[in-house]
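Please consult the sequence and the model while reading.

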Amino acid sequence: MPIFILTDVGAAIASIMPSNLDELIDRMVVKFSDAMPQAEIRKYVRGNGTEWVQIAKAAAKEPRETGKPS
C-alpha cells in the first residue's frame, strides 16, 4: 500500500505542525510498521525539482501469530 506522506498538500499541512517533523515522521513509520507488519515502508525526501530520493527503509516483518484459526 503506497503512502505519500509529504506531497505538496502534505508539505502545506506539515508547515503548521510542530518543528520536530523528523521525529514525528519516525514515530509514524513505527506505527505504520506495527499496523502493517508485512509492508515495507520507505522514507523519501524531495531532491532536485520533481525527483524523490529514498533516505530510509523499514523492512517488512514476519506476521505475528494471532491465535485465530485461518
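Lys-61 is placed in the segment after strand 2; helices (H or I, at least four residues) and strands (E, at least two) are DSSP runs numbered from the N terminus. The model is predicted, so local features need pLDDT of at least 70 and side-chain atom pairs count only at pLDDT 80 or more, whereas totals for chains, interfaces and linings use all residues. Residues are numbered from 1 along each chain as its sequence is written, and side-chain values use heavy atoms, with hydrogens and water left out.

Q: Is Lys-61 buried, partly exposed or exposed?
A: Buried means under 20% relative accessible area, exposed over 50%, and partly exposed in between (1.4 Å probe, protein chains only). Lys-61 has a relative accessible area of 39%, and therefore counts as partly exposed.

Q: Which residues does Lys-61 touch, not counting residues up to four places away in sequence?
A: Contact means heavy atoms within 4.5 Å. With residues up to four places away in sequence not counted, Lys-61 touches Ser-33, Asp-34, Pro-37 and Gln-38.

Q: How far apart in space are Lys-61 and Ala-39, C-alpha to C-alpha?
A: In sequence, Lys-61 and Ala-39 are 22 residues apart. In space, their C-alpha to C-alpha separation is 7.4 Å.

Q: How many residues apart in sequence are the parts that the pair Asp-34 and Lys-61 ties together?
A: A salt bridge is a side-chain nitrogen of Lys or Arg within 4 Å of a carboxyl oxygen of Asp or Glu. The side chains of Asp-34 and Lys-61 meet in one, at 3.5 Å from N to O. Because Asp-34 lies in helix 2 and Lys-61 in the segment after strand 2, the pair ties together parts whose separation in sequence is 27 residues.

## Helix 2

Q: What distance separates the end C-alpha atoms of helix 2?
A: The expected span of a helix is 1.5 Å times one less than its number of residues. Helix 2 has 15 residues (residues 21-35) and should therefore span 21 Å. The distance between its end C-alpha atoms agrees, at 21 Å.

Q: Where on helix 2 do its buried residues fall?
A: The buried residues of helix 2 are Ile-25, Val-29 and Ser-33. Seen down the axis of helix 2, they fall within an arc of 80 degrees (taken from the directions from the helix axis to the C-beta atoms), so the buried residues line one face of the helix.

Q: Which strands do the buried residues of helix 2 pack against?
A: On the other side of helix 2, Lys-31 and Ala-35 are exposed. The buried residues of helix 2 pack against strand 1 (41-46) and strand 2 (52-58).

Q: Which residue forms a salt bridge with Arg-27?
A: An α-helix has 3.6 residues a turn, so residues three or four places apart point the same way. With the closest N and O atoms 3.6 Å apart, the partner of Arg-27 is Glu-23.

## Other salt bridges

Q: How far apart are the closest N and O atoms of Arg-42 and Glu-40?
A: Arg-42 is partly exposed, with a relative accessible area of 44%, and Glu-40 is partly exposed at 36%. The two form a salt bridge, and their closest N and O atoms are separated by 2.7 Å.

Q: How many salt bridges are found in the whole structure?
A: Among them are the pair Arg-27 and Glu-23 and the pair Asp-34 and Lys-61. A search of the whole structure gives a total of four.
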